[in-house]
Amino acid sequence: MKIQINNAKSISGQINEVFNLYLSDNTTNENIKNIPDNWQADTIIDAQNNYVFSNVTDLSFLSNEEFAIEKPILQQAGNYLTSNISYNKNSDKSWLANNQQHSDNHIVLHNKITSQDLPSFINILNYAKSCNKIVYINANILNPSNMLGDDSHISIRLGLGQNLSCYETSSLFTILSLINYVKCNCFIYDISCNESLDIIYKFKKNNDQVKFGLNIHHLLLSNNDLGFFDTKYKFNPPLRSLANQQLLVQGINNNLIDFVYSGHSMINLYDKQVPFAQAKSGSGSGEIFIPLLFKLADLHHINLEKVLQCANISTCLDVNNLVIFNPNCEWQFTGKNINSQSKINCFNKYPLIGKVEHTILKQNNKFNLYSYV
Amino acid sequence: MYLHPQLHSKKYLKHLLSIQGLPQDILMRILSLANYYIDNNLPTVEILKGKTVSNLFFENSTRTRSAFELAAQKLGANILSLNIATSSSSKGESLCDTVSTIISMQTDILVMRHFDSGAPFSLLQTVQKAHIINAGDGQHEHPTQALLDMCTIGRLKNNNFSNLKVAIVGDILHSRVARSDIFALSTLGCCDIRLIAPKSLLPYAIEELGVKVYADMKQGLKDVDVIIMLRLQNERMQSGFIPNLKEYFNLYGLDEDKLSYAKQDVIIMHPGPMNRGVEISDEAADSKFSVILNQVHNGIGVRMATMHTLIEDEINFNKNI
């Protein structure tokens, strides 16, 4: 398929530069802007001066089955949490179950562990270092608490056990002490409390091998959203106060937080229509990740390019997947906007900025165009 | 303004889910009706004739369950009490499905106790036509216990809540009664609510609810009018909270010595079941100050008043729309 995109704009570089793109099945990044000889496009899209992003895709047009297939692309967008759990606590000699295998470049640890597991934990870090793998570690991996509330009066009112911020900081401190000892590359995700930023600040002064990330929910939502046990807002770690949210935003501005991800979870209606304690944590949100990022930048007055960079969205053009994004519309998200059957979404009726108008995916070396204008 | 899901409107009650969010006039209305029933020796009336009250208890209960059954009986209702141990819930049926089944048996009032905080709130979509009464949900609230506590205090202290000093002593962290009592006392204008417990048995930042916190029992009990003792909720404790029971009793158990710091006409309350020798001594529990059995008696009147109010408010709300 040959696709021609006219009047596209990139968010970086020369901000007002408008260009055309030419995509055919053998297109490379180098010739994307050069018109090939004897070019005859199958489809011409007028981008109308809207942005083109790559390294991310919008999945709202996909059904549930297709959605599962596209998970790796979502991961590229920064959602590392859908990766397989790789740490097997039941074995004392290895950390992988026999039928499991590490991915090429990373090891994911997000099971809870205890101090008894620390020797194995160091072994994993040492192994990762020798194989040049990145270890993904949940910041709360050593947090013993399964409590559902934060440390505010809202949790007291609702009678939710308190998952205190000091549990997260003590877990993070221990993890960083071990990493400092081994010196391996790590990505620590699910930072949720501002107290953790002090620890990160001190660590980053002398180390650059660790990157830190947090879930976009913790930047846009707060414990006020819990209302009367609204299971849509059940997250682990829990949503914290608005003041905490503001300080986490400062963490992005101060380069303490390197990544923001969608934290997308596949949640069925049934998973949330149960008492709060029994409800699954998490929410869908991968479908509206880019509009959420624009909202984040707008709401907290953060530089947009910085936000996109944190979300690992490339403003350079990568022909494997592209989206054309119209930043000039404001709308409310509802479950009706997406084809996914995972309709439970904590951003239901949330005001968003910008919409993906076209997605171009390279699947099996062929371009496919999905338009929804 | 956001309307609490337990209300039809600011004036009318639809469910009783929590004391937090219960307007003062509705609370006073229930207490006044309860006093009427208690003053008239819990008479048999037929307010609920032809209606069905279903008791659904996912946790053990003696007082609350019996009080609801008696109250429903006195109001002329049919009573369905489900034994969870032999119900489909024990075969893995979801709470929503269990409740849907009971509601389809023409239940008008569903009395539910559940081990998860907020469980009754998760049923609001399922239960459209019946009324839910929360008989205790996890660590969240136990509204009818708070109502009967307020009823007992009001009757013995001339409803003069604004001048009362009330101490709640013991395992505040895990207690749904403590939360409901704090909200009820605040709603009724009590300005001196004291929580007495070691820090390990208090939620972090509890002061934000407008209460005073004391670690020393003698200081906390100084000149109080009401003492509400709480038991250690062992079934909700996930780790060690106290060194041992003996030391806990020495520091936080109510005995005659500590009682002497309170006012001369203090009343001692306890939601039960009591653990004598742990949070309260025999002497204190059986003293002339103890009103624990009055609480149990008043509990029936309060539950009659609650069910009466729900049915009456439904009629009045429908009249006014």
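Modeller: Residues are numbered from 1 along each chain as its sequence is written, and chains are lettered from A in the order in which they are written. Because the model is predicted, local features need pLDDT of at least 70 and side-chain atom pairs pLDDT 80 or more, whereas totals for chains, interfaces and linings use all residues.

Biologist: How do you know that the span of H5(A) agrees with its number of residues?

Modeller: Helices are DSSP runs of H or I, at least four residues, numbered from the N terminus, and the expected span is 1.5 Å times one less than the number of residues. For the 18 residues of H5(A), residues 165–182, that gives 26 Å, and the end C-alpha atoms are 26 Å apart, so the two agree.

Biologist: Which residues of H5(A) are called buried, and what puts them on the same side?

Modeller: Buried means that 20 or more other C-beta atoms, placed from the backbone, lie within 10 Å of a residue's own, and exposed means 12 or fewer. The buried ones are Glu168(A), Ser171(A), Leu172(A), Ile175(A), Leu176(A) and Ile179(A). Their directions from the helix axis to the C-beta atoms cover an arc of only 130°, which puts them on the same side of H5(A). The face turned away from that side carries the exposed Ser177(A) and Tyr181(A).

Key
Helices (H or I, at least four residues) and strands (E, at least two) are DSSP runs, numbered from the N terminus.
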